[in-house]
Amino acid sequence: MFVVFEGIDGGGKTTLSNMVATLLRQRGLVVEHVREGGKFASNVTQAMRELGRDARNLAMTPRAELLLYLTREVQLAEEATRPALERADVVIADRYVYTAETLAVHGRGMSPLVVAPLVAGAANGLLPELAVLVDVDPQVARARRRVSKLITPDDKAPSRKGLAGTALQHRLREGYLALAAREPERWIVVDNTEADLHAMANALADVITQARRDGVVTARTAMAHPAQPPALDGGDLARARSALLAWVDRRSPREPGLAAYFLDGVAGPEFDARRRALAPRVPSVVAAGLRWLDDPESWHLRRALAAQAPDQIARSLASPARAHPDAHGLLCALVGITPREVATALWGRDDEPAWELRAQLPADQAARSLGAVASERAWAVRERWLVSRGGLAAIDDVASATIACEAVEAVGDDRAWEVRKALREVAPVAALDSTYLLVDDRSWKWRERSIERAAKIVMRTIGQHLEPRAWALRERAIAHCEETFDSLIGVDTEAAWRMREAALARWPSSVVKSLGPLATNERGQAMICAALTRSPHDVALWRHALIVGTKGGGAVRW
């Protein structure tokens with residue numbers, strides 16, 4: 001029996017499919033998983049996956065991407081899946097051709113008429129008896145991915161697919177649900193937004209066991225319907241506050257990292273109490289959530305967590321906490337422990353305390369810390385670092401190229417542009433990202449060339465600029481890039497309000513976040529109430545509504 005698990009990134013399908021494989025083996029079945037532990041059984045397929053996710057391949061077209069994704073499935077099927085089906089009772093795959101189909105049609109906008117025959121040709125008659133869609137709220141999936149990286153950091157660069165922005169995951173979710181509705185006799189949809197993962201794994205193991213005996217149609221009816229997520233009873237901030245507190249309390253026992261993540265930036269005694277309770281279990285997640293908090297309780301937590309989560313505490317000492325009297329002393333204590341994150345906290349600083357800290361950093365990190373610093377003193381450090389690498393022409397690795405681009409971020413002189421242009425082919429995303437807040441013609445041309453493939457990065461770089469070219473880019477991105485609203489935080493123009501109103505139903509959390517200081521005026525308050533009423537299940541919306549809805553964008557105490 002061939003069983004496929006599908007779903008958006010962060011939905012839990014990899015974890016769930018491995019749990020189900022273990023349970024079935026415990027029941028005496030011979031089970032092979034062709035992506036056991038997250039690694040494909042075919043080295044060729046694994047290499048193709050890395051090629052597809054590599055952000056250096058920014059220029060890859062949707063059709064080429066589709067063919068690459070299908071090719072990797074053909075290789076895995078012929079090398080691993082078909083042979084396994086000859087000897088095992090159950091063969092499990094974490095993703096199949098459905099991933100390529102959904103990404104092409106719903107993610108990249110390709111015609112289903114073009115995609116369908118290519119997918120059918122790649123499958124070559126091999127279709128699963130059972131396809132399990134692990135469905136999840138994309139906001140929760142995104143939070144789980146971030147929590148995982150905070151708890152278990154890795155050096156992986158962001159994936160090429162992620163450059164499109166978080167809205168891609170919303171479109172993919174819709175695509176998977178459409179696939180499941182198209183073939184209900186083959187698909188089971190399980191909701192992992194609120195579920196207990198162990199209970200779900202046992203239920204799916206039961207379904208697969210019964211399906212081998214009685215068929216999928218009979219077995220799938222035994223799956224319990226998922227519980228409905230809690231909803232707000234009304235659209236005001238007091239209810240959002242109560243709902244978020246209850247949600248955190250409900251999640252804390254089984255997903256403490258996720259619970260702590262949704263406390264990020266929300267201030268007040270009851271939220272502080274929950275942060276304190278979660279800190280011993282997930283110190284790095286609690287520490288990461290302190291970045292925009294500058295009250296006495298948050299500083300107490302910073303000091304308490306500095307030894308357990310030094311990376312995140314250092315990162316939290318960027319704006320607005322950087323102005324606190326204790327910030328410099330804490331950075332001095334951390335500079336030898338987490339130099340990379342101290343360098344991040346020094347971005348844009350050209351003061352003497354910052355230079356004292358740079359003197360203690362390794363050369364790479366001292367260079368990284370110079371973003372938005374255009375002084376000759378900064379250029380002397382950059383040039384020494386470049387000489388140590390043999391000059392710009394000698395840099396041919398992504399890591400070094402990324403450092404060089406980070407060193408000139410938000411710096412717009414000719415020397416900075418020489419760095420960008422020399423390293424654009426080596427580290428295209430870092431080079432584009434380094435145009436942050438620049439308004440010269442060269443920056444706008446780079447953004448215009450990249451808007452279709454890296455909209456998320458482009459939207460970050462334009463900040464809150466109001467010139468016509470910024471609005472033109474927003475108009476091009478708004479339909480498919482949720483991060484467009486990050487460039488509208490606090491923007492009080494009719495064009496910005498029209499964009500918010502048009503997208504409120506689709507991306508309520510990001511729209512509300514974009515209000516910033518506008519959230520406390522009459523129009524902003526009305527928009528928050530409308531969002532909470534229309535989207536009563538959205539926990540990310542509850543959080544952003546509380547952050548902006550009191551004093552307009554700052555994390556404040558209740």
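Biologist: In helix H14, which residues are buried, and what covers them?

Modeller: Keep in mind that this is a predicted model. Start with the setting. The protein has 30 helices and 5 strands. Its C-alpha atoms fill a box of roughly 75 × 55 × 50 Å along the principal axes. A compact globule of 558 residues would have a radius of gyration near 24 Å, so the 25 Å of the protein agrees with that. Of the 558 residues, 54% are buried. Among contacts with a separation of 6 or more, 70% join residues 24 or more positions apart.

Now the surface. Charges come as 74 positive and 70 negative side chains. The centres of these two sets lie 0 Å apart.

Next, the helix itself. H14 spans residues 296-305. Its buried residues are Glu297, Ser298, Trp299, Leu301, Arg302 and Leu305. Buried here means under 20% relative accessible area. The list therefore takes in Glu297 and Arg302, each under that limit.

Helix H12 (269-278) and helix H13 (283-288) are among them. Helix H15 (310-315) and helix H16 (327-334) also belong to the cover.

Finally, look at the start of H14. There, a side-chain oxygen of Asp295 comes to within 3.1 Å of the backbone nitrogen of Glu297.

Key:
Residues are numbered from 1 along each chain as its sequence is written. This is a predicted model: local features need pLDDT of at least 70, side-chain atom pairs count only at pLDDT 80 or more; totals for chains, interfaces and linings use all residues. Side-chain values use heavy atoms; hydrogens and water are left out. Buried means under 20% relative accessible area, exposed over 50%, partly exposed in between (1.4 Å probe, protein chains only). Helices (H or I, at least four residues) and strands (E, at least two) are DSSP runs, numbered from the N terminus. Contact means heavy atoms within 4.5 Å. A polar contact is a pair of N or O atoms within 3.5 Å; within protein, one must be able to donate a hydrogen and the other to accept it, and residues adjacent in sequence count only if both atoms are side-chain atoms. The radius of gyration is taken over C-alpha atoms; the globule rule is 2.2 Å times the number of residues to the power 0.38. Lys and Arg count as positive and Asp and Glu as negative; His and the chain ends are not counted. The place of a charge is taken as NZ of Lys, CZ of Arg, CG of Asp or CD of Glu.
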